[in-house]
Amino acid sequence: MEMISGLFLVLSFLVVLSVAVLLVCPESKFKKREEEAAAGLPNGSMGWPFIGETFSFLKPHKSNSIGTFLQQHCSRYGNVFKSNLFGVPTVVSGDFELNNFVLQNEDKLFQSYYPKSVKDILGKYCMMLVPGDLHKKLRTVALTFINSSKTSPHFLHYLHNLTISFMDSWNKSQHISFAKQAKKFTMHIMLKNMLNIEPGDPRATQMLEDHIAYMKGLVSIPINLPGSPYNKALKARARIQSTIKGIMLERREKNEHVLVDDDGDFLDQMLSNEECLLDNEEKVSLVMDLLLAGYETTAGLLALLVYYLFQSPEVLEQLREEHLAIRRKKKDGESLTWNDIQQMEFNTNVIYEALRCGNLVKFVHRKALMDVKYKGYYIPAGWQVLPVFTAVHMDPAIHQNPSKFDPLRWNDRSMRKIVNPFGGGMRLCPGTDLAKLEATIFLHHLVLNYRWKMVEEDYPVSYPYLGFKNGLKLELEPLENNFLDE
């Protein structure tokens, strides 16, 4: 209650301050805007000074929609408009071609640009934030490990067994909060693969709690007061960082390499690889990046898949048949391989369609490095640009009946050039294949062994991070028939 009262006072002060600025600001200060409009600056509304329209933009809404803010602004100004978001003048784009142009011109015309509060939480070496050569260096190290993981027999076997273990544990519960369980599942995967931390390790529980606080703080009001989400996120980051540093120091002191498989876990690879040109801070930051991304995004993907498959029994049945065809070729207890997964075209379509409909990532932040003109639009140097993926994913001019979950639309290969579920350009998510691998192995065991239903009405929500209004509570029931005996 104290935090809510404090937040109300802060917002009230900002509104009063904004009114005062509007009253005293002379007309001459708006002439530059008129000149920019004549040059092709998109139409729009800048809202209040300082706070602009940020709160309306971030207002939670169903993630399988564009939300009231975008709906109203796109209807009034078009798919590209100007605004004041996160304290800076901004061009918001729901136009596929402009979004693609921005993403493909990273470090040329545009650069990754996030609010200071986000930078303070993620750290100065976060791969999502750093530009140029450092970003390329971090990304190369991450991709090398991810590419080895997706074909590692040891990792695939571990993922196979962990999935079965989790699902067996759910049999003991009448209902499960799937959104929460999915996060626990993906956190255990990442901790094992990154740091060789087992599910029963007390550090695993603390890491999960810290990452939940970490994520909430990223989209909170940056007020660093005790008990605030922002303050909790900063403390959570410090604990995560300390844990990783401690493991790194322990391995160096003992000159110990963890032989998770032939190559070791991710930290082991970095410590033992003389060609890894990252310093200690960069190594710790990269481990944190991959833990957060691999845990949060894959958990969201799993929740979206379970949600949409429950509502689409025909899709579920077709998916089950594809998984069954693969399973019949395998020995008892044998895990899927990356080659198996690449053959499952309908499974891939289901994953991509869940990402399109559910919009795991709503938008990204960029900044214009110079004055840019494209398609008649003018973007002044220094302005923030927000390519909004949701607007493209839900655009009826691009997708027939866009709100319908229809994996068959992905039979048209051009869809993969239009939809950006994993971002694009130089910052295309490096963990794309790993997320697809984990989701497929999870689906494999789920659709062949269980049926499920939602205990109460629910839907995905953009906060703007993905969540479910009621936690996606499910009732799971083991299938009586063994498909392999049919």
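## Strand pairing around Met 454

Met 454 stands opposite Leu 474, a residue of strand S13, in a predicted model whose local features need pLDDT of at least 70, whose side-chain atom pairs count only at pLDDT 80 or more, and whose totals for chains, interfaces and linings use all residues. Residues are numbered from 1 along each chain as its sequence is written, and side-chain values use heavy atoms, with hydrogens and water left out. Strands (E, at least two residues) and helices (H or I, at least four) are DSSP runs numbered from the N terminus.

S13 (residues 473–478) is joined to S10 by five bridges, and the two run antiparallel; strands are taken to pair if DSSP finds at least two bridges between them.

At 27% relative accessibility Cys 429 counts as partly exposed, the class between buried (under 20% relative accessible area) and exposed (over 50%), with a 1.4 Å probe and protein chains only. Leaving aside neighbours within four places in sequence, Cys 429 is in contact (heavy atoms within 4.5 Å) with Arg 139 and Phe 422.

## The H13–H14 crossing

The axes of helix H13 (residues 280–311) and helix H14 (residues 313–327) come within 5 Å and cross at roughly 110°, which makes H13 roughly perpendicular to H14, a term for angles of 65 to 115 degrees. H13 contributes Leu 309, Phe 310 and Gln 311 to the contact, and H14 contributes Pro 313, Val 315, Leu 316 and Leu 319.

## Phe 405

Phe 405 lies in the loop between helix H17 (389–393) and helix H18 (415–418), and counts as buried at 8% relative accessibility. Not counting residues up to four places away in sequence, Phe 405 touches Tyr 308, Ser 312, Val 315, Val 350, Glu 353, Ala 354 and Cys 357. The C-alpha atoms of Phe 405 and Val 350 are separated by 8.8 Å, although the two residues are 55 residues apart along the chain.

How values were computed: Axes are lines fitted to C-alpha atoms, for helices over the stretch in contact, and angles run from 0 to 180 degrees between N-to-C directions. Angles under 35 degrees count as roughly parallel, over 145 as roughly antiparallel, 65 to 115 as roughly perpendicular and the rest as oblique.
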